[in-house]
Amino acid sequence: MSRRRIAAVLTALVLGSLTPVVLPAAGASAASCSSYPNWVAGKSYVTGNIVRYTDGKAYIAEHDNPGYDPVISTWFWEPYACDGSGTPVGNFVVSEAQFNQMFPSRNSFYTYSGLTAALSAYPGFANTGSDTTKKQEAAAFLANVSHETGGLVYIVEQNTANYPTYCDWSQSYGCPAGQSAYYGRGPLQISWNFNYKAAGDALGIDLLGNPWLVQNDSAVAWKTALWYWNTQSGPGSMTPHNAMVNGAGFGQTIRSINGSIECDGKSPAQVQSRVDAYTRFTSILGTSTGANLYC
């Protein structure tokens with residue numbers, strides 16, 4: 001998600017200038033711990049893999065790793081809820097079954113486990129205020145994500161002609177990964193070298209030097225989206241997180257993400273698309289939408 005959006009870029013993202021590859025959704029709900037394979041020291045694991053440790057508990061890989069011990073290498077692994085009920089992982093208000101219902105045709109890159117692995121980066125997300133507020137924020141985030149990625153189908157920006165335009169050479173650190181390396185990626189389509197630099201600094205990941213992590217590591221991709229959601233106001237006056245937890249309403253999340261192009265009557269169809277997704281997702285979560293849906 002860029003703070004300097006261009007109308008042509010948005011059109012390419014939303015309408016999709018290339019035909020996306022639609023992959024089947026993942027399993028509907030969490031399984032019991034006994035159904036996961038035993039962890040093996042020295043075996044290579046990728047982000048989203050779930051294993052059963054020697055204590056009988058399950059752990060999910062937050063990052064690719066060569067078989068590090070889950071209870072020692074906590075940057076690479078985190079505990080995973082696996083009671084088979086399809087209940088939310090940890091404190092997250094969206095269960096895997098609900099996530100799959102929201103995104104039935106999503107790209108397999110966008111895993112539920114990748115999302116839940118990313119939550120630790122911003123523990124206040126969908127975990128602040130009343131249960132209603134928590135569910136509304138989760139629905140608002142996922143609704144905007146759905147709009148930006150065509151229902152979690154697109155991983156990277158579809159209009160490759162725009163790729164060379166996202167390098168701001170006025171920044172002292174330049175574009176070490178190359179002028180065309182900072183195109184839109186991930187759930188909120190982060191773009192521009194300065195956004196990769198800021199997100200990487202906040203997350204402790206070298207995204208300026210290796211922006212491809214956002215399209216290759218599901219947890220990193222989700223973390224960049226959560227970084228923008230929780231810390232950036234874009235063309236708005238508040239972060240999307242603050243808009244939801246302080247009662248400003250869903251419309252202000254749109255303004256903070258793409259308000260300069262969509263809000264104030266500039267693109268009512270795009271705003272309506274986001275509102276429609278938000279309305280569907282709040283219904284799935286069994287909560288109300290709240291007021292101030294439009295911008």
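**Notebook: disulfides, cores and rings**

I began with cysteine 263, which counts as buried at 0% relative accessibility. Buried means under 20% relative accessible area, exposed means over 50%, and partly exposed lies in between (1.4 Å probe, protein chains only). I noted that this is a predicted model, where local features need pLDDT of at least 70, side-chain atom pairs count only at pLDDT 80 or more, and totals for chains, interfaces and linings use all residues. Residues are numbered from 1 along each chain as its sequence is written, and side-chain values use heavy atoms, with hydrogens and water left out.

**Entry 1: disulfides**

I looked for disulfides, meaning pairs of cysteine sulfur atoms within 2.5 Å. The count by this rule is 2. A disulfide is a covalent bond between the sulfur atoms of two cysteines.

Cysteine 263 pairs with cysteine 295, with the sulfur atoms 2.0 Å apart. This link is left-handed, with -90° about the S-S bond. The pair joins distant parts of the chain, 32 residues apart. Cysteine 263 is in the loop between H9 and H10, and cysteine 295 is in the segment after H10. Helices here are DSSP runs (H or I, at least four residues), as are strands (E, at least two), numbered from the N terminus.

Next I checked cysteine 167 and cysteine 175, whose sulfur atoms are 1.9 Å apart. The torsion about their S-S bond is about 110°, so this disulfide is right-handed. Cysteine 167 is buried at 10% relative accessible area. Cysteine 175 is buried too, at 6%.

**Entry 2: glutamine 272**

I stayed with helix H10, residues 268–284, where glutamine 272 is found. Its relative accessible area is 29%, so glutamine 272 is partly exposed. I also took the C-alpha separation of glutamine 272 and leucine 293, which is 9.3 Å. They are 21 residues apart along the chain.

**Entry 3: nonpolar cores**

A nonpolar core is a set of buried Ala, Val, Leu, Ile, Met, Phe, Trp, Tyr and Cys residues joined through side-chain atoms within 4.5 Å. In soluble globular proteins, nonpolar side chains tend to be buried together.

The largest core has 65 residues. Phe92, Val94, Phe99, Phe125, Phe141, Leu142 and Trp222 touch the most other members. H7 gives the largest share of this core, 8 residues. Another core, of 7 residues, lies apart from it, and Tyr45, Val51, Tyr59 and Trp77 are among its members.

I then listed contacts (heavy atoms within 4.5 Å). Leaving out residues up to four places away in sequence, tryptophan 222 touches several residues, including Phe99, Tyr110, Leu115, Phe141 and Pro187.

**Entry 4: rings**

Which residues form one aromatic cluster? Among them are Phe92, Phe99, Tyr110, Trp222, Trp229 and Phe281.

I counted 20 aromatic pairs. Rings of Phe, Tyr and Trp (its six-membered ring) pair if their centres lie within 6.5 Å. Planes under 30 degrees apart count as stacked, over 60 as edge-to-face and the rest as tilted.

Tyrosine 68 and phenylalanine 76 are tilted, 4.8 Å centre to centre with 55° between the planes. Tyrosine 68 is partly exposed at 35% relative accessibility. Tryptophan 192 and phenylalanine 194 are stacked, 5.3 Å centre to centre with 15° between the planes. Tryptophan 192 is buried at 10% relative accessibility, and phenylalanine 194 is buried at 6%.

**Entry 5: confidence**

I ended with pLDDT, the predictor's confidence in each residue, from 0 to 100. The chain's mean is 85, and 85% of its residues reach 70 or more. Over residues 2–31 the pLDDT stays under 50.
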